[in-house]
Amino acid sequence: MTSEGPYIRIDQVSRRYGPVRALDDLSIDIEKHEFIAILGPSGSGKSTLLRLIAGLDRPTTGRIYIKGEDVTELPPHKRGIGMVFQEFLLFPHRTVRENLAFPLRMTKETPQKIADRLAWVEGVLSLNGLMDRYPNQLSGGQQQRVALGRGLVAHPTLLLLDEPLANLDRELRQEMEVEIRRYQKQLGIPFVYVTHNQEEALSMSDRVAVIHRGRLEAYGERQAIYDRPQTPFVARFVGKSTKFAGVVDPTGGFIKLADHDYAVANAATGLHRPGMAVEIFVKNERFDLHPAAEGRAGIPCVVGDVVLRGPFLEYILETGGRERIIAVQPKRVDPLPLGASLSLSWDAGQCHVFAAE
Ligand code: ADP
């Protein structure tokens, strides 16, 4: 490994607990300027990966490199990594200043260095005026900033964050997402952020690693993960979609829906051949809705309910079949009335088709 390699390299790492494969042959490279989200459902192996990077646990096989150095056998305090974990709460009986100084006292820094670092972190995280307060004298957002400050105070080469915003209400969480991303860009060190919340992953990160059952399901730029999922799991897990069953017609040119009298062009004829059973995923905001009276091809449906979500409307559509389809549309004009008869369709290029599982 040379200094020109990636800043962090997770190289074919596996972690087994008896018969459980918590992580299975996972490789990820992270560059210095990047904000990486590790996204997956509960139990997929996210925290295991973070513990391995931090040095709180060792891989069964595989290596971990930081700036070209093999750190696989190094203890946590020699890795230069900062951590903000949900369970590492602030000490309630210590002031902000004492909370922030804690990691520096653990590594026995000089009083001068501690003072310098506290001044630095106070400035970066705008903690002026808060340093002598106790945690219960801070707002939720201020507490989060102090927790972040404690992760950053030792000038780590990398910051690991494990669902730090999980307990905040939605509005504060969204504010903190923007703030945390801003700190990462300002500091220029990688943040590796574990979450099961896809909105959080997409709003903050540069690249997203999707983990499923201990395996890396996808790793790429957030927009590509959202727009061009390469596996059914990613199509299902990232964004909100509706799944339809379909079959490729005998010419190979169309995919007919199994449960509806509707067909879309087969955009990937090489992959999806005549007679093949497929599943089609359509993101809820990619549906087209037209009044049934226009007579366009599509799935006949009626508006069962309308949910107002700020600038968007969610139409709950009933097709007479089993599924309830939700179509998301910008709120440009008055909502369509309940009971309106519509035709639901989508562009062939706007859906994701996979061989049926
Ligand atoms: P996540 O953070 O995505 O929720 P984890 O990394 O905590 O997932 O867990 C991944 C898998 O490994 C789960 O099946 C979990 O039960 C298992 N696991 C994690 N830690 C241990 C352990 N110390 N002993 C046994 N199994 C574990």
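Me: What share of the contacts in the protein chain with a separation of 6 or more comes from residues 24 or more positions apart?
Reply: 65% of them, where contact means heavy atoms within 4.5 Å. This is a predicted model, where local features need pLDDT of at least 70 and side-chain atom pairs count only at pLDDT 80 or more, while totals for chains, interfaces and linings use all residues. Residues are numbered from 1 along each chain as its sequence is written, and side-chain values use heavy atoms, with hydrogens and water left out.

Me: How many helices and strands in the protein chain?
Reply: Eight helices and 20 strands, taken as DSSP runs numbered from the N terminus (helices H or I, at least four residues; strands E, at least two).

Me: And what part of the chain is buried?
Reply: Buried residues are 48% of the 357. Buried means under 20% relative accessible area, exposed over 50%, and partly exposed in between, with a 1.4 Å probe and protein chains only.

Me: Domains next. What are the bounds?
Reply: Domain 1 is 8-234 and domain 2 is 240-355; such bounds come from an automatic or database domain assignment. Their C-alpha centres lie 39 Å apart.

Me: How much area do domain 1 and domain 2 bury between them?
Reply: About 640 Å², with 50% of it on carbon and sulfur atoms. Buried area is the accessible area (1.4 Å probe) that two parts lose on being put together, summed over both. On the domain 1 side, Tyr 226, Pro 229 and Pro 232 lose the most area to domain 2, together 67% of what that side buries.

Me: How many residues are in contact there?
Reply: Nine from domain 1 with eight from domain 2.

Me: How many salt bridges across that interface?
Reply: The rule finds one, a salt bridge being a side-chain nitrogen of Lys or Arg within 4 Å of a carboxyl oxygen of Asp or Glu.
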